[in-house]
Amino acid sequence: MKIGAIYKLYPNVVKTVNSIAYDADGNVVSYDEAAVMTEANMMALRAERNQRLANTDWWASSDLTMTAEQTAYRQALRDITETYTSLDDVVWPEEPNV
């Protein structure tokens, strides 16, 4: 995730080798390690959140009606990045019984 975060935060980076970032001309691009780690943590959190949402997408099929609990659960997943910034500290909402 760290490499992906570098590319996301620094669009001029075209390659990384041993945690050194380079632009298209081969110049070293310095980057803020703390910002990269924060973004990497958020990317991991969003990936897990997206997987949990994908696991419940079938609830929203056109021939089904979601319960209030299912709707609330999915909304809580969408909102998770407003409260948490890392998988290390996240408290996931409890998935309702189907």
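These legends walk through close-up views of a predicted model. Local features need pLDDT of at least 70 and side-chain atom pairs count only at pLDDT 80 or more, while totals for chains, interfaces and linings use all residues. Residues are numbered from 1 along each chain as its sequence is written, and side-chain values use heavy atoms, with hydrogens and water left out.

**View A. Helix α2 packs against helix α3.** Here α2 (residues 33–55) and α3 (residues 68–83) have axes 9 Å apart, at an angle of about 170°; helices are DSSP runs of H or I, at least four residues, and axes are lines fitted to C-alpha atoms over the stretch in contact, with angles from 0 to 180 degrees between N-to-C directions. The two are therefore roughly antiparallel (over 145 degrees). Among the α2 residues that meet α3 are M42, L45 and R46.

**View B. E39 sits buried in α2.** E39 belongs to helix α2 and has a relative accessible area of 12%, so it is buried (under 20%, 1.4 Å probe, protein chains only). Beyond neighbours within four places in sequence, E39 contacts A5, K8, L9 and R46 (heavy atoms within 4.5 Å).

**View D. R52 lies over W92.** R52 is 4.1 Å from the ring centre of W92; a charge sits over a ring if NZ of Lys or CZ of Arg is within 6 Å of the ring centre and within 35 degrees of the ring normal.

Methods. Buried means under 20% relative accessible area, exposed over 50%, partly exposed in between (1.4 Å probe, protein chains only). Angles under 35 degrees count as roughly parallel, over 145 as roughly antiparallel, 65 to 115 as roughly perpendicular and the rest as oblique.
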